[in-house]
Amino acid sequence: MSKVKTTYLKDYKAPEFQIKNCDLVFELFEEYTQVTNMMSIKRDDESARDIILNSIDLELVDIYLNDLKLQDTRYIVDKETLTVLDVPNEFKLIILNKIYPQENSELEGLYKSGNIFCTQNEPEGFRRITPYLDRPDVMAIFKTTLVADRQRYPILLSNGNTATNFKLDDGRHGITWDDPHPKPSYLFALVAGDLGVVKDQFITASGKLVKLNIYTDKGNESKCTHAMKSLKEAMVWDEQMYGREYDLSLYNIVAVDSFNMGAMENKGLNVFNSAYVLADEDTATDANFMGIQSVIAHEYFHNWTGNRITCRDWFQLTLKEGLTVFRDQCFSSDLNSKEVQRIEDVKALRDRQFVEDASPTAHPIQPDSYMAINNFYTSTVYEKGAEIIRMIHTLLGEENYRKATDLYFESFDGQAVRTDDFLWAMSEANGVDLKAFETWYHQSGTPTLHVEENFVDGEYKLTLIQAVPNAVDGSEQKPYYYPLKIALLNDNGDEVIEEILIVSKRQEEFVFKVDAKPFLSINRDFSAPVIIELQENNYGFLTKHDKNSFVKYESAQSFGVLTIEAMMNGEDIDDEFVRAFGHILESDLDISYKALLLELPSVSILMQRQETVDFEPIYEAKEKLAKHLATTYKDKLIEIYTKYHNSTCKDIDSKSMGERSIKNRCLKLLSALESDEIVEMANKQYSNSLTMTDRVVALDILENISPEYAKATLADFYTKYKDDTLVMNKYFSILAASHRDGTLERVMELQNDDAYNDIVPNLVRSLIGVFARNYKHFHAKDGSGYKFVVDKIIYIDKINPQIASGLAGAFKIYEKLNPQNKNAMKTELDRVVSTHSISKNVYEIVSKIIKI
């Protein structure tokens with residue numbers, strides 16, 4: 001693997017040729033697929049004599065240059081390229097090649113998911129379909145003809161609008177699709193299968209009719225209702241908030257079981273992981289419904305932020321992904337609880353991205369190099385990228401931000417551009433200089449802001465000191481520029497002052513005139529993705545009195561963190577924290593928000609604060625605190641549970657979801673008592689409740705505290721849902737996340753279950769991936785968890801390198817581990833890099849972790 005090529009942003013060169021038109025014909029057979037690729041090409045670089053096309057694992061049949069069949073002396077076939085020699089300035093190139101989708105387990109290019117032909121071409125899958133200039137800055141007009149058996153594949157889909165349909169005498173049929181919008185090859189898609197469909201329509205703001213179709217396996221049509229509703233809500237929202245209408249007469253979504261990602265925004269034909277389309281109250285949790293709403297919107301929003309305007313190169317990935325994540329977060333916030341949505345977004349950022357930022361795999365939101373670009377579809381590029389856009393929005397304000405995005409769309413529609421172009425539009429539209437903001441695009445790591453307070457004679461001085469971590473290579477990094485929303489509160493919790501400060505230096509002071517020493521409410525709404533370190537804290541006061549929903553939550557969490565850390569050091573439980581927790585229980589708050597306030601800090605959050613990580617004392621202290629709170633407030637917790645438990649309610653409105661959230665939070669905390677009474681409550685909830693949300697919570701509790709009850713309920717669950725892959729993902733996840741002894745052995749045994757298959761990414765993520773996030777058993781001191789996951793990485797890498805490299809991410813914590821765990825992990829990671837023919841995807845992650 002020492003010969004793995006690294007691609008650098010600094011080496012970017014504009015394409016030597018442009019493809020103006022691409023007409024494709026796919027003849028789909030069970031044994032193989034023949035592709036005819038007809039391209040109109042023009043030279044852009046006069047010094048280029050030969051055209052080098054990307055080409056991987058293709059069986060070349062014929063090549064024609066301007067209708068002349070080429071002899072093999074006119075082209076060169078290498079492992080990853082096809083070079084046609086001595087081409088003219090403008091020419092037509094026709095290439096015929098064969099591919100074998102039924103053998104494609106990597107799920108890139110054209111492959112089969114069950115009986116469905118489908119594609120995944122982002123970022124570099126199209127080169128596995130036909131030779132092409134497979135890069136995002138080559139944008140062509142595509143026309144696609146699909147031909148297949150009429151009975152097996154009555155549905156034939158591709159990008160754009162349908163043009164012609166035809167039947168053949170041999171029982172086959174075909175359809176031609178025209179996409180009028182230039183697009184890069186990564187946005188090409190096709191689907192062929194015998195599918196059910198749910199149809200609807202949407203009238204745009206300008207009065208244009210758009211036909212909406214969601215395709216799925218027959219029998220699942222009733223599970224598409226929520227996805228269709230979410231799609232129409234997204235279309236309305238994008239018109240209202242960004243002035244963006246849909247630009248084709250047809251919008252198709254297809255749900256498939258085998259998919260490496262969550263979904264793909266192919267122009268006019270979105271291909272989705274079925275987990276983000278299919279849902280009903282019996283098989284999907286409230287979190288599933290919310291996830292579907294978000295991902296459906298995300299892929300739709302890409303039509304403008306990703307498709308109409310795309311990336312010049314893959315180093316600019318956050319241009320489309322960070323912006324579109326911000327858009328889908330705002331959409332979800334507007335349709336649901338703003339307070340809850342913001343907190344959930346920050347929780348996800350901290351649990352995943354902050355860990356990544358503190359690891360050897362840390363990278364800027366615009367990386368400067370990669371071995372495998374698939375490895376950079378990360379929380380940093382997506383979620384941290386969204387936080388950067390949010391800060392720009394905060395600095396500009398809603399009205400000026402909208403003016404700037406209008407300029408962005410007007411200036412760059414139909415182009416492949418850079419993050420610099422986006423920042424230009426933000427600056428140009430408002431006459432502001434955002435150059436200092438570029439630091440966020442080019443530096444890695446999460447900055448810490450140390451806060452010192454001083455009050456003397458009516459003058460309150462706030463000293464802010466930025467601590468910016470060094471880059472992965474050890475080089476020093478610059479201070480960041482960001483908005484910091486603060487408020488100063490009086491003894492009643494009233495806001496005396498609220499301001500947005502601009503932080504831009506390593507150290508700076510802000511002075512305020514106030515009558516009495518105030519309470520500081522800092523980083524309100526999580527205005528900047530930084531870590532706050534306070535010289536003195538008032539978490540108890542802020543938990544009770546701060547009116548900013550995020551700071552109230554943050555204070556409750558921080559108070560919990562300090563309490564657990566003190567317990568890890570041998571101190572008693574902090575009575576003030578216990579009283580603050582009781583105050584939340586008694587408070588009259590939105591119940592969804594209240595459920596979040598009652599959540600104890602996650603193991604991930606606690607782990608991140610340790611210089612040397614040992615999970616055993618973290619679990620011991622957290623479990624002890626949970627049991628103490630459950631004992632102290634048992635009656636109140638049962639009262640809240642009883643008030644909001646409604647076993648017959650299946651509604652998915654915000655009120656019903658909130659009620660399930662608060663009562664399940666209470667039941668989960670009560671389970672720390674491990675008493676017969678609570679076991680019986682959980683068992684009844686499983687048996688009587690009609691929603692998957694309630695059943696999954698009950699199953700999780702029983703699995704962890706009552707093996708006898710769990711055995712019966714899990715067997716019942718399995719019998720009912722064993723043929724439903726999406727529900728079985730939940731079954732495997734519950735067992736893989738279990739804290740009970742013997743979890744690893746049970747996970748290993750589950751690999752032999754008829755419902756499990758290493759070829760299906762969702763199943764691998766739900767069993768192996770969840771176990772790798774089970775800190776208690778994955779990080780077992782004997783190294784058995786590491787050995788198991790490494791064995792799976794090596795095996796799955798031969799099937800699907802992208803999924804294998806995702807599993808390798810669980811080892812990012814390596815540098816911070818205690819010596820015993822670190823040595824055990826190193827032994828296993830050495831096995832990975834010494835494995836013959838390990839993929840570049842896995843090698844890149846592991847080599848960075850152990851610093852080869």
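I began with the second largest pocket, where β1 (7–8), β4 (51–54), α25 (801–808) and α27 (840–849) each give at least two residues to the lining. Helices (H or I, at least four residues) and strands (E, at least two) are DSSP runs, numbered from the N terminus. My grid has 1 Å spacing over the protein atoms alone; a pocket is an open set of points with protein on both sides within 12 Å along at least five of seven lines, a cavity is a set where a 1.4 Å probe fits but cannot get out, and lining residues have an atom within 4 Å of a point.

Housekeeping: this is a predicted model, with local features needing pLDDT of at least 70 and side-chain atom pairs pLDDT 80 or more, while totals for chains, interfaces and linings use all residues. Residues are numbered from 1 along each chain as its sequence is written, and side-chain values use heavy atoms, without hydrogens or water.

Back to that pocket: I noted a volume of about 1800 Å³, taken as the space filled by probe spheres set on grid points joined across faces, edges and corners. Among its 48 lining residues, K5, N54, E80, E124 and R127 are the closest to the centre. β4 contributes the most, three residues. By class I found 21 nonpolar, eight polar and 19 charged, where Ala, Val, Leu, Ile, Met, Phe, Trp, Tyr, Cys and Pro are nonpolar, Asp, Glu, Lys and Arg charged, and the others, Gly among them, polar.

I looked up the second largest cavity, about 50 Å³ in volume. T318, L319, L323, I365, G385, I389, T419, F422 and Y441 line it. Two or more of the lining residues come from each of α3 (317–335), α5 and α7 (419–428), and α3 has the largest share, three. This lining has six nonpolar residues, three polar and no charged.

Of its 157 residues, F26, L93 and Y408 touch the most other members. Helix α5 (residues 379–396) supplies its largest share, eight residues.

C311 counts as buried at 0% relative accessibility (buried is under 20%, exposed over 50%, partly exposed in between, with a 1.4 Å probe and protein chains only).

Terms used:
Core = buried A, V, L, I, M, F, W, Y, C linked by side-chain atoms within 4.5 Å.
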